[in-house]
Every structure is written in structure tokens, then in C-alpha cells.
Amino acid sequence: MRCYPRVSAPLFCLFLVTTVTSMLPAQQEVVIYDEAKVPQFTLPDPLVGPNGEKIETAEAWNSKQRPYLIQLFETQVYGKAPAAPGKISYKVTESSDEAFGGKARRRQVAIQLTDDPEGPVLNLLVYLPKTDKPVPTFLMLSFYGNATVTDDPAVMLPTSWLRDNKDKGISGHKASEKMRGTSSGRWPIETILDRGYGVATAYYGDIDPDFDDGFQNGIHPYFNAEGQTKPKADEWGSIAAWSWGMSRALDYLQESEEVDGEKVISLGHSRLGKTALWAGATDTRFAAVISNNSGCGGAALSRRRYGESVQKINKSFPHWFCDNFVQYSHNEDACPVDQHELIALIAPRPCLICSAEEDRWADPHGEFLSGHYASPVYELLGVEGMGVEKMPAINEPVLSRLGYVIRPGKHDVTTLDWQRYMDFADRHVTKAAD
Ligand code: GCU
């Protein structure tokens with residue numbers, strides 16, 4: 001295992017004063033849901049470089065520290081994804097200017113993910129309000145495909161592998177007419193269009209089906225070197241692949257004259273919130289990032305071990321991260337990075353972290369703290385950080401450039417969440433108040 005001086009140099013670390021009662025035994029299995037049981041931990045300081053040097057200028061951040069942290073996340077957490085294909089290849093497969101009773105444009109676009117014409121295709125669905133101007137747009141992957149986000153009958157059914165779900169009419173891993181609109185509660189598309197935003201979405205399984213098959217299906221095999229059968233220990237897992245796929249969608253959105261390619265927001269819920277954060281960290285073309293209930297491996301600090309831990313996530317979802325991440329199961333302190341540094345990688349672009357009160361598995365407090373401890377990087381880059389010391393109360397959104405909001409209720413995406421996303425985007429992306 002490599003040695004990371006930045007982690008073992010306490011002089012340069014942030015000390016967190018927590019109400020600690022005890023250190024956890026190494027093989028902790030219980031889920032921590034009690035703040036008093038959160039172990040004492042020391043976070044790596046995002047503004048301390050590999051040799052213990054202080055990062056004191058925006059120049060030093062951009063030229064040295066940012067690439068250094070990206071490389072740590074790539075090799076230790078998500079795995080390194082390949083470069084973008086040289087040429088973007090896509091086909092508009094369906095188009096209408098009469099969606100939603102004539103108020104919107106609909107575009108369905110097949111984006112070729114590799115140079116192989118038989119290779120995987122990302123089927124993007126785009127709705128835009130009718131206007132002559134390029135439209136700022138939210139890009140959000142879905143869990144069950146485009147046809148589930150709306151009951152618009154013109155939307156094509158997914159053809160990739162789907163997780164069986166009786167309520168959604170999915171069996172034998174295949175789509176059916178019954179699935180139409182079954183996730184529409186999470187997608188208030190007309191409200192979004194009414195506020196002047198576009199929505200672009202695609203099914204994450206078009207990029208990589210979400211189950212552990214040793215990376216035999218999906219995008220990974222297309223990038224294996226000669227004789228390689230699975231990604232190396234520091235190469236991309238599924239989250240990195242989904243993020244890479246978001247960048248391919250952005251390639252298209254930036255070419256479309258109808259979309260404002262400078263104002264595309266990377267957004268995601270839960271595992272796709274982790275994905276949205278990593279996409280925004282690695283691809284600075286995203287104007288802003290919003291993570292919803294992203295939890296462990298997303299916005300929540302791993303060292304807190306509150307709710308889902310690194311050990312639990314690696315055990316349940318071994319394909320999400322790179323193999324090197326396994327060494328941090330029950331061993332979070334050894335990881336050279338923590339998730340506040342993922343948020344810092346989005347700076348100085350706007351970033352909104354969203355939690356839900358009952359979503360303890362995702363550790364709302366840990367999600368807040370990531371933003372809090374990323375704030376010095378925003379400030380170094382000359383913009384406001386979170387600007388609050390304490391976690392705000394329920395339903396008191398902090399819509400700073402590095403924002404945080406917690407609402408009542410469960411792990412989900414609600415219309416109230418969308419209102420916050422749009423309030424945030426109005427302030428920091430479309431009206432650019434700061
Ligand atoms: C599980 C997993 C979480 C993830 C969530 C989801 O609960 O443990 O890490 O965020 O699924 O994606 O729905």
C-alpha cells in the first residue's frame with residue numbers, strides 16, 4: 001500500500017471536535033445512527049499538498065492541488081475512466097415541437113458511446129421550453145429509463161437490461177408499456193419547463209447495467225486493453241462509468257443549438273447523486289452540480305461511518321467503486337481523501353447538497369459537513385463558501401454558491417426538491433448573482 005504523507009501529517013490536518021465517547025473497534029458491523037457514537041477522526045485538509053505544503057493561491061490549486069486530488073479519487077475511490085472518444089457520433093431518432101400539449105420541444109437522441117457502431121448507445125431524452133434562446137438544462141440519469149420519467153407515449157422504451165420491478169411492469173429484465181410514467185413523481189417536467197429550464201435524461205443502464213458481473217457487460221469491455229478482462233484496481237467502476245456517460249450526454253448538449261451548453265447542471269439522486277458529483281468534479285464543463293441524498297461515496301464524509309459505511313457499500317455494491325477502494329473498508333482513516341474534497345473539486349462552480357431528514361442511511365449531517373469543509377477552497381478561489389457554521393434547520397435552505405438544504409421526509413426526489421434546485425439555479429447559474 002502506498003504511503004500518503006498528507007494523511008499522516010497531523011500538523012496539516014483539520015481536527016474535528018466531536019462528542020466522542022469511544023473509538024470503534026476495527027471490525028465494527030453495527031450501523032451508527034447515534035451522533036455520540038461517531039468516532040473521532042481527522043480529515044485531510046484540501047489545502048495541503050502531497051508534501052505537506054500549504055496551497056495558498058488559486059493558481060496553486062488549479063495547477064497542482066486539483067489534479068493531485070483528482071488523481072487520488074481516480075486511483076483510490078472511483079477508478080480512472082478513459083478519455084472521451086475522439087469524435088462525437090449521435091443521431092436524432094425522434095423530434096417534436098408539440099410535446100406536452102404544444103408547450104415544449106422533445107428530442108430523442110442516440111449517442112454512440114464508442115467507435116464500434118454495434119457498441120452501447122446512450123438514449124437521451126430532452127425536453128425544452130419553446131423559446132428562441134438556448135435553454136439552461138438539468139441533466140439527470142434515471143434508474144429505469146426514459147419512459148418511466150413521463151407518460152408521454154412518444155418516448156421510446158428502454159432496450160437495455162432493467163432491474164425487475166413488479167410495480168413498474170418490468171420482468172425478465174425487459175421494458176413494457178406498463179412502465180410509462182411510473183417514476184414521474186420524481187420528474188415534474190412541466191413545472192421545470194414553465195420555469196424556463198430544459199430537462200435531459202438517459203437511463204444509467206445504457207452505460208453500464210447496475211449489477212456485479214465482473215464488468216462483462218456495459219461500456220467497460222470496450223475499453224479493455226489487449227488481453228484485459230476487467231478493469232485494473234485503479235480503473236473505473238460503475239459510478240465512474242455512469243459519470244463518464246453523463247459527460248458523453250454533455251458532449252451532445254454542447255453541440256445542440258437549442259441547449260445552452262454553458263449552463264448544463266449535473267444532477268442526480270442517491271447512487272446517481274454520487275455519479276453527478278463525480279461527473280461534475282471530473283468535467284468542468286458542467287456549470288453546476290446538485291446531489292440529492294447521495295450519502296456514502298457521495299457527499300457524506302466517509303470517516304464519520306454514520307449510516308452506510310465504506311465497508312457496507314463495498315460489500316453490497318462491489319462494482320460501484322474501483323478495487324483499490326476495498327482497502328478502506330473498516331479503514332476509512334487510511335484513505336488519502338474524504339468526500340469534502342470531492343465537493344472542493346467542484347469549486348468555484350455552484351454546488352448544492354440536498355439531504356432528507358429521515359434518510360439517515362445517507363448521513364445528512366455528514367453531507368452538510370462535506371460542504372462545510374470544502375468551503376475554504378471556494379473562498380480561496382474568490383467566491384463564497386457555504387457561509388454557515390452550523391447545519392441549518394429543516395426547510396431552511398442555505399442557497400449560497402456552495403449550498404445545503406435538508407427537507408423533511410424520506411430518501412426520494414420530490415417537487416419541493418425540484419423547487420430548491422431551480423431556486424438555486426436561478427440564483428447561481430441563470431442569473432449568476434455572484
Ligand atoms: C442503497 C445504497 C446507497 C445508494 C442507494 C440508492 O441504499 O446503500 O449507497 O445511494 O441504494 O442509490 O438508491
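The following legends describe close-up views of a predicted model.

**Figure 1. The cis peptide bond between Ala347 and Pro348.** The peptide bond that joins Ala347 to Pro348 is cis, with omega at about 0°. Most residues other than glycine have a negative phi, and most peptide bonds are trans. Pro348 belongs to the loop that runs between helix 9 (339-344) and strand 10 (351-356).

**Figure 2. Positive phi at Phe100 in helix 3.** Phe100 is not a glycine, yet its phi is positive, at about 45°. The residue is part of helix 3, which covers residues 99-102. Phe100 counts as partly exposed because its relative accessibility is 21%, and the partly exposed class lies between the limits of under 20% for buried and over 50% for exposed.

**Figure 3. Positive phi at His173 in a loop.** His173, although not a glycine, has a positive phi of about 65°. The loop that holds His173 lies between helix 4 (146-149) and helix 5 (189-194). With a relative accessibility of 33%, His173 is classed as partly exposed.

**Figure 4. Surroundings of Lys410.** Lys410 is located in the loop between strand 11 (402-407) and helix 11 (415-430). Its relative accessibility is 57%, so Lys410 counts as exposed. When residues up to four places away in sequence are not counted, Lys410 touches Asn293, Ala356 and Glu358.

**Figure 5. Separation of Lys410 and Lys103.** Lys410 and Lys103 are 307 residues apart along the chain. A distance of 32 Å separates their C-alpha atoms.

Key
Residues are numbered from 1 along each chain as its sequence is written. This is a predicted model: local features need pLDDT of at least 70, side-chain atom pairs count only at pLDDT 80 or more; totals for chains, interfaces and linings use all residues. Side-chain values use heavy atoms; hydrogens and water are left out. Helices (H or I, at least four residues) and strands (E, at least two) are DSSP runs, numbered from the N terminus. Buried means under 20% relative accessible area, exposed over 50%, partly exposed in between (1.4 Å probe, protein chains only). Contact means heavy atoms within 4.5 Å.
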